[in-house]
Amino acid sequence: MTVQQDVASNLTDIRQQITAAANRAGRAPGDVTLVAISKFQPDERIEAALAAGHRVFGENRVQEAQEHWSERRETIGDLELHLVGPLQTNKVRDAVALFDVIQTLDRPKLARHLAKAFADFGATRRCFVQVNTGEEAQKAGIIPDQADKFIAECRDLELPVEGLMCIPPVDAPVAPHFALLRRIAERNGLRALSMGMSADFESAVELGATHVRVGRGIFGERANRD
Ligand SMILES: *Cc1c(COP(=O)(O)O)cnc(C)c1O
């Protein structure tokens, strides 16, 4: 198989698995957005996904995202780009310039910087609050106990928070983390849930994910950073 056929058939398979998982849960498959995580992927695989008609992509570093997407943004009108990695405050303006969705709003300082950047740009970006459901020291995200308060602070700043995002601990069962994220969203009146990656997106869809973030399952293994 060529790279192009390989990526196209992976996309087809994953869309079918999302549809099957949604059907099992009595959900509409159209309520789940597949975010293709293109970090560390070579250009030809990104091109293959675009050729297959995919338009929603995620990246975890602002600089690499600019390399992958700044030029393509100019020519592809219907791209939708999601930031899924930690955002340093000195990169906020670059991130707001490039991305449509910031999935990693995780601390008050970042909330204030985003509010300021949105005011300066005269435009907002859709936001997800990242929750550190496993309360892991090395992982970004607001801890569950502080999530309600932080979501309220974001709303006071008029940030358009549409949902929550989490990255469960590796090697732990994911279902309790997905269920916790969903409970926090429900009690805060938030609709969107970004949860599930290549290894567990089907359970995530069964448990209510509206956005799944799939990298290797679409593009294959990436160059071995991260
Ligand atoms: C890399 C990454 C993914 C995709 O992981 P895969 O295992 O390749 O599907 C999803 N979410 C985040 C936040 C990531 O950094």
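Predicted model: local features only at pLDDT ≥ 70, side-chain atom pairs only at ≥ 80, totals over all residues.
A disulfide is a covalent bond between the sulfur atoms of two cysteines. The cut-off used here is 2.5 Å between the two sulfurs. Cysteine 127 is in no disulfide. The nearest cysteine sulfur belongs to cysteine 154, and that sulfur is 7.5 Å away.

Now take the view from cysteine 154. Its closest cysteine sulfur is the one in cysteine 127, and 7.5 Å is too far for a bond. Are these cysteines buried or exposed? Cysteine 127 has 0% relative accessibility, so cysteine 127 counts as buried. Cysteine 154 is buried too, with a relative accessible area of 0%.

## Parallel strands and their crossovers

Start with strand β2, residues 56–59, and strand β3, residues 80–83. The two pair in the parallel sense, over four bridges. How does the chain get from β2 to β3? It passes through helix α3, residues 62–75. This β-α-β crossover is right-handed.

Strand β3 also pairs with strand β4, residues 101–105. Again the sense is parallel, with two bridges in this case. Leucine 83 stands opposite isoleucine 102 in β4. Between β3 and β4 comes helix α4, residues 92–98, and the three elements make a right-handed β-α-β unit.

In a regular strand the side chains alternate between the two faces of the sheet. Keep that in mind when you follow the strands in the 3D view.

## An aromatic pair between strand and helix

The structure holds one aromatic pair. A pair of aromatic rings is described by the distance of the centres and the angle of the planes. Here the rings belong to phenylalanine 57 and tryptophan 69. Their centres are 4.5 Å apart. Their planes meet at 40°, so the pair is tilted.

Which parts does the pair tie together? Phenylalanine 57 lies in strand β2, and tryptophan 69 lies in helix α3. The pair therefore ties together parts that are 12 residues apart in sequence. Both phenylalanine 57 and tryptophan 69 are buried. Tryptophan 69 has a further contact: the charged end of arginine 72 sits over its ring, 5.7 Å from the ring centre.

Most residues other than glycine have a negative phi. Which way does phenylalanine 40 go, positive or negative? Its phi is positive, about 60°, although phenylalanine 40 is not a glycine. Phenylalanine 40 lies in the loop between β1 (33–37) and α2 (43–51). Its relative accessibility is 7%, so phenylalanine 40 counts as buried.

Aspartate 171 is not a glycine either, and has a positive phi of about 70°. Where is aspartate 171 found? Its place is the loop between β6 (161–165) and α7 (175–187). Is aspartate 171 buried or exposed? At 84% relative accessibility, aspartate 171 counts as exposed.

## Alanine 123 and its loop

Alanine 123 is found in the loop between α5 (108–121) and β5 (126–130). Its relative accessible area is 29%, so alanine 123 is partly exposed. How far is its C-alpha atom from that of alanine 97? The separation is 9.9 Å. Along the chain, alanine 123 and alanine 97 are 26 residues apart.

How values were computed:
Residues numbered from 1 in each chain as written. Heavy atoms only, no water. Buried < 20%, exposed > 50% of the residue type's maximum accessible area, 1.4 Å probe, protein only. Pairing = 2+ DSSP bridges. Right-handed = clockwise from strand over helix to strand, strands pointing away. Phe/Tyr/Trp six-rings, centres within 6.5 Å; stacked < 30°, edge-to-face > 60°. Lys NZ or Arg CZ within 6 Å of the ring centre and 35° of its normal.
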